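Here are some notes to read alongside the model. They take up a few local features, chain by chain.

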Amino acid sequence: MNSVPPWPIVQSMILTVMLPGFAVGAGVLAAVCSVTRSETRRLIGGALALAGGLALGNSARGLLPWWSLEWGWPSLFPATLLAIGGGVIAALTTAATGRRRGGALRVSVLAGCAFWLAPAESPLGHLGVFALLFVASMLNWEVFRRSGAQSLGRAALLGVVIPWGIAAATVLIHAHSARFCDLAILQTSTLCGIGVIAAMWRLDSATLFVGSAIFFPALLLGGAVNTFSEVPTASFILVALAPCALWVLRLAPMRRWSGRTLATSALVAVLIPCAIAVGLALRAETLDFGH
Amino acid sequence: MNSMKLSLLFLSASLFSGASLCAADFKLTADNTTVKFIGSKKDGKHEGSFKKLTGKFSVSGDVTKAKLEVTIAIDSMVTDATKLTAHLKSPDFFDAKRFAEAKFVSKSIQAGTNGYLVSGDLTLHGVTHPLSFPARIDLADGGVTVSSQFELNRHEWGISYGKGNVNDLVKMSIDVKAK
């Protein structure tokens, strides 16, 4: 049994998933930031960078249909674009007209995406899974938004997304789906590209994470429902909800933290559920790249 | 004259009873039918088959007027490597949770120089696409035997993940021995 991926597979992953995601994410946002100082334009540029990175990786690897009206993971690409665009519009609406309208728009977009991405057939039924996915994505996104406001949004969110994405990819590959693993790595690479530029230009990229807030839970839900492995459901749930660990930092004593203390605490908080999930997956399944 | 009438009567009775004997629906199950596949890549190949299938081969003496219908439970797939089976059932390939069945329905069976050419529609991975394959079909001893080897291109049914790593053509082998 060969549990280490052979070099051609790693090379293909770097060239067709990681590099396109990172290069487009960083390149587009850097280009936008270098030509405009407008926060609004930079935010739109970030959304375009995220969409572009996903699209290029998807094109190179053929991971998802470009358009689908099916319930569940096949609609992940258009639903994620809707979430990214909706997140940006909600942020701009909040800035222009106040929290209430922006919040209502945000909830509507996430509810629509969750409804779209909930699989039709599951033990809980479409509505049951929709409710769980909506709550998970809402909790994830809200904590990103609030942590961003707490100044975590600049460089540290990057530190949260990297372990989140790696944990998702690890759990999904142990569930024997290379396609879903590729998608987790593609999303993470694109966010890394955006995160690096956002840190350099001191942008609050939290708004751009709305796509991940629904993308990762929906992807992990797709993995839990559609794969055939011994990986426990708890692994998928723990990774899907890992950013919710950041809510701990919203508690009164930690609320005043900032700088390195806050960033390190955020990293540790997210690492704990991710590490447990990966540990459970590794204990349940082994990999065999020999086949 | 009477003996001629008797002969004609006997002949028509024989033909009628012969046709009745040949008209049959042969029930196909995993006990009398095997559907195997061999997927390959640059440095190896793997064999798989299906443990659950249902179908029928309806024939009334003339094989070219026969009808073949087979439904395969994708979840019943087995291969020579357990982890490969799980990978093949995942959304990377067969996506067995979304597309639980594969179905072949013949439209025509034409006689050829070396057996028959079976043509029909194969629904696999949610895609219905025409499929033709050569087959040896024999009706003997009140039963039917079908034997066929052919290749199909997985991309025609939307099973496209791993392009470049896993070969596009999959070798298929079908054997039926039904009574």
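Which residues in H3(A) are buried? The points below start there; the model is a predicted one.

1. In H3(A), the buried residues are Leu76(A), Phe77(A), Pro78(A), Ala79(A), Thr80(A), Ala83(A), Ile84(A), Gly86(A), Gly87(A), Val88(A), Ala90(A) and Thr93(A). They pack against four partners in chain A: helix H2 (39-61), helix H4 (99-117), helix H7 (178-200) and helix H8 (210-226).

2. The length of helix H3 (residues 76-97) of chain A agrees with expectation: at 1.5 Å a residue its 22 residues should span 32 Å, and its end C-alpha atoms are 30 Å apart. Gly98(A) follows H3(A) and has a positive phi, near 110°.

3. Trp7(A) lies in helix H1 (residues 7-35) of chain A. Its relative accessibility is 53%, so Trp7(A) counts as exposed, the cut-off being over 50%. Together with Ile14(A), Leu15(A), Met18(A) and Leu19(A), Trp7(A) forms a nonpolar surface patch with about 490 Å² of accessible area.

4. In chain B, strand E9 (residues 127-140) and strand E10 (residues 143-153) run antiparallel and are joined by 5 bridges. Asp138(B) has Thr145(B) in E10(B) as its bridge partner.

Note on methods: Residues are numbered from 1 along each chain as its sequence is written. Chains are lettered from A and ligands numbered from 1 in the order in which they are written. This is a predicted model: local features need pLDDT of at least 70, side-chain atom pairs count only at pLDDT 80 or more; totals for chains, interfaces and linings use all residues. Side-chain values use heavy atoms; hydrogens and water are left out. Patches are made of residues with over 30% relative accessible area and no salt bridge: like charges are joined within 9 Å, nonpolar side chains (Val, Leu, Ile, Met, Phe, Trp, Tyr) within 5 Å. Accessible areas come from the Shrake-Rupley method with a 1.4 Å probe; for residues, only the protein chains shown count as cover. A salt bridge is a side-chain nitrogen of Lys or Arg within 4 Å of a carboxyl oxygen of Asp or Glu. Helices (H or I, at least four residues) and strands (E, at least two) are DSSP runs, numbered from the N terminus. Buried means under 20% relative accessible area, exposed over 50%, partly exposed in between (1.4 Å probe, protein chains only). The expected span of a helix is 1.5 Å times one less than its number of residues. Contact means heavy atoms within 4.5 Å. Two strands pair if DSSP finds at least two bridges between them.
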